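Have the viewer open and follow along.

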Amino acid sequence: AASWLMAREGMAYPTGATITSTFTGSSGMQCNTNGEAVASVSLSGGDVSGSTNNQAIVVFSSTGVRPVFRKGSAAPGFADGTTLTPDTFGLQLNGSGDVAFGGTLVGGTVTTADDKVLVTTAGAPAGQTRIVAREGTLVQGYTDVAFKSTGSFSPANHALAADGSYLFTASFEGAGVATPFGRADAPGDL
């Protein structure tokens, strides 16, 4: 296979901004067998407005930069002005090119008891994302078990399978917590 430059500081972001990140081995990048890599990047210039939209999750490939999610964009499933700030670590990339990441909801009716989310492109319309899990909300299929408020989500290593299933651990609360249960999200489940 031929070698190619995957990412470099100063590359153009599709909206006219410039990627200003410095990449290191511990920067949270993850590669797949198709020669793609997912990374969190800092942006400047172009349409960047202070710290409102100066960070993005992108996939690098031999054909260029594919934006996945940009800080300050509307959170998936919200129409009330709620935005999402993606986490910079814990990024997942599968062989199908799907991406998963954690993040924090901002604005709207969001509180600190329900602002942490896990997001993926798997099972979402092309070019979009969907929320897999949100703290303080019921676990799908349960009426008495919720993702714990002020809890945390911990994706497993290589947590995003080729079929879009997303494996993670979480803390739970509610009357049904005493009943043992477990699940791995599959595309379209939540």
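Start at Val-99: skipping neighbours within four places in sequence, Val-99 is in contact with Val-38, Ile-57, Val-59, Val-68, Gln-92, Leu-93, Val-119, Thr-120, Thr-121, Ala-122 and Leu-160. Contact here means heavy atoms within 4.5 Å. Before going further, note that this is a predicted model, where local features need pLDDT of at least 70, side-chain atom pairs count only at pLDDT 80 or more, and totals for chains, interfaces and linings use all residues. Residues are numbered from 1 along each chain as its sequence is written, and side-chain values use heavy atoms, with hydrogens and water left out.

Val-99 is also among the residues with the most contacts inside the largest nonpolar core, along with Val-38, Ile-57, Leu-84, Phe-101 and Leu-105; this core has 16 residues. (A nonpolar core is a set of buried Ala, Val, Leu, Ile, Met, Phe, Trp, Tyr and Cys residues joined through side-chain atoms within 4.5 Å; buried means under 20% relative accessible area, exposed over 50%, partly exposed in between, with a 1.4 Å probe and protein chains only.) Strands E4 (55–61), E5 (64–70), E8 (99–106) and E9 (116–120) each give two or more residues to this core, and the largest share, 3 residues, comes from E8. Strands (E, at least two residues) and helices (H or I, at least four) are DSSP runs numbered from the N terminus.

Now step back to Asp-98, in the loop between strand E7 (92–93) and E8. Asp-98 is buried yet has no salt bridge, and the nearest side chain of opposite charge, Arg-66, is 6.6 Å away. For charges, Lys and Arg count as positive and Asp and Glu as negative, while His and the chain ends are not counted. A salt bridge is a side-chain nitrogen of Lys or Arg within 4 Å of a carboxyl oxygen of Asp or Glu.

So where do charges pair up? By this rule the count comes to 2 salt bridges. Asp-47 forms one with Arg-70, the closest N and O atoms being 2.9 Å apart. Asp-47 sits in the loop between strand E3 (37–44) and E4 and Arg-70 in strand E5, so the pair ties together parts 23 residues apart in sequence. Asp-47 is partly exposed at 36% relative accessible area, whereas Arg-70 is buried at 9%.

Arg-134 forms a salt bridge with Asp-114, closest N and O atoms 3.1 Å apart. Arg-134 lies in strand E10 (residues 130–134) and Asp-114 in the loop between E8 and E9, so this pair links parts 20 residues apart in sequence.
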